[in-house]
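Subject: Structure handover

Hello,

Here is the structure for you to look through. Please open it beside this email and follow along.

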Amino acid sequence: METAFINRTGVTSFKTFGEAPFYPEVGWVKKIAPTVWLQRTKDRVNDGVERALQPGLNMNFSKQGYVGINFRQGREPWLGTTYKRSWVNAWGGAQFTKWLNIGGWVQSGKSIFYDLEDPFQGHSTSGNVNVTLQPNEKINQNVSYTNVRFDRASTGDRVFGVHIVNTRTRYQFNKYCFLRSIIQYDSSAERVLTDFLASYQFVPGTVAHFGYSALIEQRDFRDGQWIRGEGDYLTTTRGLFFKASYLYRF
């Protein structure tokens with residue numbers, strides 16, 4: 001994660017995007033739009049030129065449906081070496097019924113392992129599925145699953161694989177009061193984050209919140225120290241909070 005906090009400086013970049021939408025006279029097809037995206041960047045810090053060509057196609061349908069796909073061919077410099085950065089990216093979704101919305105995306109292609117000492121060419125595959133259920137006006141349930149895999153291009157060996165599950169549940173008792181819970185599982189950190197909130201809002205500005213959160217991690221205590229990623233899942237952190245505000249008009 002160290003490279004995720006590096007600010008990119010010393011670059012001069014040109015980017016352009018074009019779209020040609022048209023609207024066919026078909027009942028369920030609302031819009032078809034071919035697209036193209038071009039980029040050229042001079043990276044003086046990493047001593048190279050980044051190039052990218054990305055054609056694609058977007059389509060919109062009835063019931064808030066959408067489908068898109070694009071292809072990228074390009075190269076990117078990193079620490080004095082130029083690597084391939086190309087992928088196929090596809091996405092789509094729709095409001096299938098009044099109570100069911102499903103969407104997702106998948107991307108696969110050549111990527112870079114941005115290590116500061118030993119970077120290398122890799123192949124990454126990632127995807128997401130997002131489902132929202134709302135059987136009535138009081139209940140809203142959202143579940144999202146994301147998977148990311150990265151392999152070394154030269155050998156095909158798996159470098160890392162991550163599974164992330166997010167759930168968000170909301171129950172609206174009336175226009176004043178609701179309950180909400182958020183739960184996230186992260187396989188890379190071997191942990192589960194939980195967050196529960198009760199809220200009462202009498203009028204905008206006059207509101208009270210009560211919440212509870214906990215961090216559950218996979219740990220094992222051996223030889224006088226905690227070892228992450230082994231043993232049982234244990235609650236390592238808990239927290240409670242209360243917040244209230246009152247709006248007085250004069």
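First, a term. A polar contact is a pair of N or O atoms within 3.5 Å; within protein, one must be able to donate a hydrogen and the other to accept it, and residues adjacent in sequence count only if both atoms are side-chain atoms.

Now the ground rules. This is a predicted model, in which local features need pLDDT of at least 70, side-chain atom pairs count only at pLDDT 80 or more, and totals for chains, interfaces and linings use all residues. Residues are numbered from 1 along each chain as its sequence is written, and side-chain values use heavy atoms, with hydrogens and water left out.

Helices (H or I, at least four residues) and strands (E, at least two) are DSSP runs, numbered from the N terminus. Buried means under 20% relative accessible area, exposed means over 50%, and partly exposed is in between (1.4 Å probe, protein chains only).

Polar contacts

Back to Glu217. It sits in strand β13, residues 206-222. Its relative accessibility is 4%, so Glu217 counts as buried. Asn142 also has a polar contact: 2.8 Å, side chain to side chain, with Asn130. Look for Asn142 in strand β9, residues 139-152. Asn142 is buried, at 17% relative accessibility.

Salt bridges

A salt bridge is a side-chain nitrogen of Lys or Arg within 4 Å of a carboxyl oxygen of Asp or Glu. Side chains of opposite charge can pair when their charged atoms come close. How many salt bridges does a search of the whole structure find? The search finds 6. Three of them follow.

- Arg72 pairs with Glu50, with the closest N and O atoms 3.7 Å apart. Arg72 lies in strand β4 and Glu50 in strand β3 (residues 48-61), so this pair ties together parts that are 22 residues apart in sequence. Arg72 is buried, with a relative accessible area of 5%. Glu50 is buried too, at 5% relative accessibility.
- Glu76 pairs with Arg85 at 3.3 Å, N to O. Glu76 has a relative accessible area of 11%, so it is buried. Arg85 counts as buried at 16%.
- Arg158 pairs with Asp151 at 2.4 Å, N to O. Asp151 is buried, with a relative accessible area of 17%.

Surface patches

Patches are made of residues with over 30% relative accessible area and no salt bridge: like charges are joined within 9 Å, and nonpolar side chains (Val, Leu, Ile, Met, Phe, Trp, Tyr) within 5 Å. Accessible areas come from the Shrake-Rupley method with a 1.4 Å probe; for residues, only the protein chains shown count as cover. For charge, Lys and Arg count as positive and Asp and Glu as negative, while His and the chain ends are not counted. The place of a charge is NZ of Lys, CZ of Arg, CG of Asp or CD of Glu.

Which residues gather in the patch of positive charge? They are Arg40, Lys42, Arg44, Arg51, Arg75, Lys84 and Lys110. Take Arg75. It is in strand β4, residues 66-78. Arg75 is partly exposed, at 42% relative accessible area.

There is a nonpolar patch as well. Val36, Leu38 and Leu53 make it, and it covers about 220 Å². Val36 lies in strand β2, residues 29-43. Val36 is partly exposed, with a relative accessible area of 36%.

Backbone angles

Most residues other than glycine have a negative phi, and most peptide bonds are trans. Lys63 has a positive phi of about 55°, although it is not a glycine. Lys63 is in the loop between β3 and β4. It is exposed, at 58% relative accessible area. Leu79 has a positive phi as well, near 55°. Its place is the loop between β4 and β5 (81-84). Leu79 counts as partly exposed, at 43%.

Sequence and space

Where is Ala244, and is it buried or exposed? Ala244 lies in strand β15, residues 232-245. It counts as exposed, at 52% relative accessibility. Ala244 and His209 are 35 residues apart in sequence and 6.2 Å apart in space, C-alpha to C-alpha. Now try Lys31, in strand β2. Lys31 and Tyr246 are 215 residues apart in sequence and 48 Å apart in space, C-alpha to C-alpha. Lys31 counts as partly exposed, at 22%.

Best wishes
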